[in-house]
Amino acid sequence: MTTATAAGVGTVRLLPQTRALRALHTVMRDRHAGREEFVTSSGRVIRQLIETALDLLPFEPREVCTPVGRTYHGLRMTPHICGVSVLRAGDSMESELRAIAPGVRIGKILIQRDTVTKLPHLYYAALPADIDRRHVLLLDPMLATGGTALAAVEVLLGQGVEEDAIVFVTLLSSPEGIKAVHARHPRVRIVTSAVEERLNENAYMIPGIGDFGDRYFGTDVVR
């Protein structure tokens, strides 16, 4: 799947399901994987996601002279980009974006889902002042119900960002989450490494990966 999703609307870019990617997912999904293994494997997948997302942004022609004196008719990516991470799990994706685009500006949004109602609540937002003139990579490794993603998109739209200037970058996504996002914002593009089977009765993805933030930052350790 590269464009149309099971939801039948919007645009989703799914990473090629190579054996190498499946091997990385095998480590990440293993409940017995150590934190170092989890962080390393997820970082490798996130790097692929960021590269794929950047390829969706505008490019402009650029000519350079090669070492043998010939002209290469190349491309240059628009400099008007920024990242916005959804705290806290989205922080795990910032380092890979900075490695590719060292000078990129990064905003923050804190949205937490109520454990009972499952509804998202916005607590904090700090964004570049000129974000309305930028293409935004919205970073959150999990797209489950779509509630948090929708709340984050609404924050960006409220700051003047165009809907089709938003690329939501996520490690795992559910069919329900994709459908929810594209039902309200069909021009928001989604880049993901896996579309899960479904959500269970507790709104967790199946087969899933557990709580990504806890596993990545080591806050799931019982002492």
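## Ground rules

Because the model is predicted, local features need pLDDT of at least 70 and side-chain atom pairs count only at pLDDT 80 or more, while totals for chains, interfaces and linings use all residues. Residues are numbered from 1 along each chain as its sequence is written, and side-chain values use heavy atoms, with hydrogens and water left out.

## Overall build

The protein has 6 helices and 12 strands; these are DSSP runs numbered from the N terminus, with helices being H or I of at least four residues and strands being E of at least two. Its radius of gyration is 18 Å, close to the 17 Å that the globule rule gives for 223 residues, so the protein is as compact as a globular protein of that length. (That radius is taken over C-alpha atoms, and the rule is 2.2 Å times the number of residues to the power 0.38.) The C-alpha trace spans about 60 × 40 × 35 Å along its principal axes.

Of the 223 residues, 45% count as buried, and here buried means under 20% relative accessible area, exposed over 50%, and partly exposed in between (1.4 Å probe, protein chains only). Among contacts (heavy atoms within 4.5 Å) between residues at least 6 apart in sequence, 62% join residues at least 24 apart.

## The cores

A nonpolar core is a set of buried Ala, Val, Leu, Ile, Met, Phe, Trp, Tyr and Cys residues joined through side-chain atoms within 4.5 Å. The largest one holds 34 residues, and Val45, Leu137, Val167, Val169, Leu171 and Phe212 touch the most other members. Two or more residues each come from α1 (19-29), α2, α3, β7, β9, β10 (189-195) and α6, with α2 giving the most, 7 residues. Another core, of 25 residues, lies apart from it, with Ala149, Val161, Val188 and Ile190 among its members.

Leucine 171 has contacts that include Met28, Val45, Leu49, Ile209 and Phe212, leaving aside neighbours within four places in sequence. Over in helix α3 (residues 91-100), the buried residues are Ser92, Met93, Glu94, Glu96 and Leu97. Their cover includes α2 (35-54), β4, β5, β7 (135-139), β9 (166-173) and α6 (212-217).

## Strands around β5

Strands pair if DSSP finds at least two bridges between them. β5 (residues 105-113) runs parallel to β4 (residues 81-87), joined by 6 bridges, and serine 85 has lysine 108 in β5 as its bridge partner. β5 is also joined by 6 bridges to β6 (residues 120-126), this time antiparallel, and glutamine 112 stands opposite histidine 121 in β6.

## Two residues up close

Threonine 78 sits in the loop between β3 (71-77) and β4, and is buried at a relative accessible area of 10%. Its side chain reaches the backbone nitrogen of histidine 80 at 3.2 Å, which falls under polar contacts: N or O atoms within 3.5 Å, where within protein one must be able to donate a hydrogen and the other to accept it, and residues adjacent in sequence count only if both atoms are side-chain atoms. Not counting residues up to four places away in sequence, threonine 78 touches Leu57, Pro58, Phe59 and His135.

Glutamate 176, in helix α5 (residues 175-184), counts as partly exposed at 33% relative accessibility. With residues up to four places away in sequence left out, glutamate 176 touches Ala144, Thr145, Arg198 and Leu199.
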